[in-house]
Amino acid sequence: MSQEEDLKYMREALRLAGSMLGRTSPDPMVGAVVVNNGQVISTGYHAEVTTPHAEAWAIEKAGEAARGATMYVNLEPCCFFETKVNPPCTQSIITSGIKKVVAAMEDPNPSVAGRGFEELREAGIEVECGLLEGEARKLNEFFIKYITTKRPFVILKAAMSLDGKIATRTGESFWITGIEARKRAHHLRNIVDGVMVGVGTVLKDNPELTVREIEGKIKNPLKIIIDPMARTPERAKVLRIEPQNAIIIVSDRAPKKKLEKLRSKKARVIEVATRNGDFMMDRIMKELGKLKITSVLLEGGGTTNANAISSGIVDKAMFFISPKLIGGADSLTPIEGEGIENLARAVKLGDVRVERISEDILIEGSIIH
């Protein structure tokens with residue numbers, strides 16, 4: 001194969017994988033393309049967590065035509081029994097007669113981590129790795145963070161005016177950005193495992209924290225409320241709409257009667273220790289990781305966002321900026337708290353991307369830790 005052809009087939013594998021964005025958690029998104037004599041014989045992708053893996057699906061469709069073929073896949077094939085539905089993909093590849101595997105990246109899962117490649121090479125199959133690795137890592141950034149740390153990937157999302165305000169001095173915030181920007185925000189909810197806010201947002205705005213305003217298949221995220229003293233009202237929308245999706249994070253100081261009422265609404269209540277009355281955000285992330293939550297969209301107010309940033313749990317920031325000027329020393333900003341003392345300690349972003357969304361601007365970047 002020429003380099004141009006290799007790139008074409010790997011891009012197709014990445015496209016197939018990305019077609020299931022937000023649908024395979026806690027598994028990664030994987031696409032596979034089987035090519036023989038310069039022709040695509042079959043393709044596959046991991047459609048849902050309980051369905052066959054991409055490689056096995058593509059091989060099943062290819063049948064005998066897979067013998068002597070090359071497989072392009074965006075992630076190293078697995079080499080362990082995950083479930084009866086998903087046996088090791090390495091064995092499927094070996095028995096199929098495929099002669100070469102081109103992968104974008106090694107699987108960071110400690111259960112694989114290069115061993116899949118070793119099995120294939122020991123079986124006489126040629127293996128190449130690293131083609132479009134950057135794109136592959138970007139696609140599965142949620143999975144990579146989760147599988148290597150057992151913590152979810154955290155995106156801090158905020159909508160603000162051009163002068164950095166998220167509400168007026170009276171607290172009015174609906175709507176700072178336009179409809180297209182809000183649709184993009186709902187798309188983000190549709191691909192993450194959970195959306196997180198502080199109890200102050202619940203008390204002030206009474207949000208649903210569901211996916212709306214977009215077309216296509218919808219998957220409502222888990223609703224995660226940081227609520228030290230269990231102040232979430234029983235009639236809050238987060239408890240009236242799909243209450244089984246609500247996770248209330250409380251401290252050991254929360255009144256037991258309030259906890260009982262929250263549980264009676266079918267919400268999951270998780271008690272997390274505090275330090276000097278404040279949550280340690282990393283402990284919250286550890287608890288969410290135990291639930292196999294791989295990604296969280298943080299839509300908190302200024303205080304919650306400040307705590308998240310200072311604790312180092314945020315991986316990416318996405319700021320929707322509206323061309324409006326609000327002003328006011330008492331108007332809220334996206335990140336409150338004490339702030340930094342000097343610019344040398346400012347949190348820096350890398351891989352910054354700027355996009356116009358109708359009349360608004362989206363600026364996003366990865367937090368540099």
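Is Y45 buried, partly exposed or exposed? Y45 counts as partly exposed, at 25% relative accessibility (buried is under 20% relative accessible area, exposed over 50%, partly exposed in between, with a 1.4 Å probe and protein chains only).

This is a predicted model, in which local features need pLDDT of at least 70 and side-chain atom pairs count only at pLDDT 80 or more, while totals for chains, interfaces and linings use all residues. Residues are numbered from 1 along each chain as its sequence is written, and side-chain values use heavy atoms, with hydrogens and water left out.

**View A. Y9 and Y72 form a tilted aromatic pair.** The ring centres lie 5.3 Å apart, with 50° between the planes (rings of Phe, Tyr and Trp, the last by its six-membered ring, pair if their centres lie within 6.5 Å; planes under 30 degrees apart count as stacked, over 60 as edge-to-face and the rest as tilted). Y9 belongs to helix 1 (residues 3-18) and Y72 to strand 3 (residues 70-73), 63 residues apart (helices are DSSP runs of H or I with at least four residues, strands runs of E with at least two, numbered from the N terminus). Y9 is buried at 4% relative accessible area, and Y72 is buried at 0%.

**View B. The rings of Y45 and W57 also make a tilted pair.** Their centres are 5.0 Å apart and their planes stand at 55°. W57 is partly exposed, with a relative accessible area of 28%.

**View C. The charged end of K61 sits over the ring of W57.** The distance to the ring centre is 4.7 Å (the criterion asks for NZ of Lys or CZ of Arg within 6 Å of the centre and within 35 degrees of the ring normal).
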